[in-house]
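Here is a short report on ring contacts and sheet architecture. The structure comes first.

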Amino acid sequence: MSMPARILGAGPSGLAAAITLVNAGHAVEVFERRSDCGMRFGGDLQGLENWSHDTDAVDEFRGYGIDIDFHCAPFTSGTQTNGRRADHLTFPAPAFFVVKRGRAADTLDQSLKRQALATGVRIHFSRTLTPRDVDIDASGPAGRTAFAVDTGIVFETDAPDQAVALLNDRAGLKGYSYLLVTQGYGCCCAMSFDEFPTVHAQSAEARRLLVEQAGINVWNPRRVGGLGHYALRGDWTAGTTRRVGEAAGLQDFLWGFGIRLAVRSGVLAARCLMDGTDYASAAERTFAPARRAGEVNRLLWEIGGVADYALVLAALRVRGPYPLLRWLHRDTLFQRALHPFARWWADRKYAHLLASGRSPSRSERPGRGAAPDTDALALGVDG
């Protein structure tokens, strides 16, 4: 490439692509419409899942040339409950790593910014281009309808490190809620997949069940929130522009995990750009199995949600949490056989996710209502 590669967006997918290109000797310019990295987030704790791939997530990042100099706490145990029965789970390896998001020095976002700048990436903050004028579009989910809403609080605490997942539709409809505590810093949120106008009521119920009933001290609480975005069809390119991360609608359809997919897609787009290979074909081969698994898993999750997810909890007890998680996210014969029906079901229930590059009207989102925007969630205001 004689001209500098141009990337739109300085999130994990865009900066992973930039670091990959610069480490291979290419000049890179990144255009970010916000004034800094991580401004979508207010200090949230998020999970970097470690069950969908044979390679450890931290080792995968290091293989991409990304240093782990951000808060990245491994969790090898946790608690799963539906509000009545609790199961304490242990894992043979970290099931996930807890990372911070936002503008603090120890966040993933600021770490990637430091690493990109140190390698020679030029980041133009408060500047943007149109997607057709860049090589890689990592601008996030602009124009896409949310399929999930996450809202809650972050806080300081003297509680020990812990991870608790609550499966209870009153505190995360068709989703879940969670409590994460690491090194005196906590996050309690509800992840809702339906009835978006009631997300703050669901969040309040999650806080009651996970924090107040447990007697956890909460100091300096702050509202946080975000939206999950997914596309039911691979939307990998627009003209000569390669779409990555949420710009491609790439996120886990079961629980909304997206960091690992975002970084992997950014690296893949950078390598295809350098090699002159077809990114759309490579992305389809790489991510289609995860899409199939996610759509099947979402169907199974909603079927298994009866009686406050008693069937899900029973499956975890019988099969074991880590083996079950790894099996669910593999491209197995079971997943491939069930996928045609799961796709048919998703196309009807989540028809609003078939649209590309636009926000469907409320009438196209039956039973869901309009999703609040991220700023409204962080302020605790219904959108």
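Phe 91 and Tyr 322 are both buried (under 20% relative accessible area, 1.4 Å probe, protein chains only). The model is predicted: local features need pLDDT of at least 70, side-chain atom pairs count only at pLDDT 80 or more, and totals for chains, interfaces and linings use all residues. Residues are numbered from 1 along each chain as its sequence is written, and side-chain values use heavy atoms, without hydrogens and water.

The structure holds 16 aromatic pairs (Phe, Tyr or six-membered Trp ring centres within 6.5 Å). Phe 91 and Tyr 322 form one of them, edge-to-face (planes over 60 degrees apart), at 6.2 Å centre to centre and 65° between the planes. Phe 91 lies in the loop between strand 6 and strand 7 (96-100) and Tyr 322 in helix 8 (residues 321-328), so the pair ties together parts 231 residues apart in sequence. Helices (H or I, at least four residues) and strands (E, at least two) are DSSP runs, numbered from the N terminus.

| Charged end | Ring | Distance to ring centre |
|---|---|---|
| Arg 291 | Tyr 230 | 5.4 Å |
| Arg 298 | Phe 193 | 3.8 Å |

Strand 12 (residues 176-182) and strand 13 (residues 185-192) pair antiparallel over 7 bridges.

Methods: Pairing = 2+ DSSP bridges. Phe/Tyr/Trp six-rings, centres within 6.5 Å; stacked < 30°, edge-to-face > 60°. Buried < 20%, exposed > 50% of the residue type's maximum accessible area, 1.4 Å probe, protein only. Lys NZ or Arg CZ within 6 Å of the ring centre and 35° of its normal.
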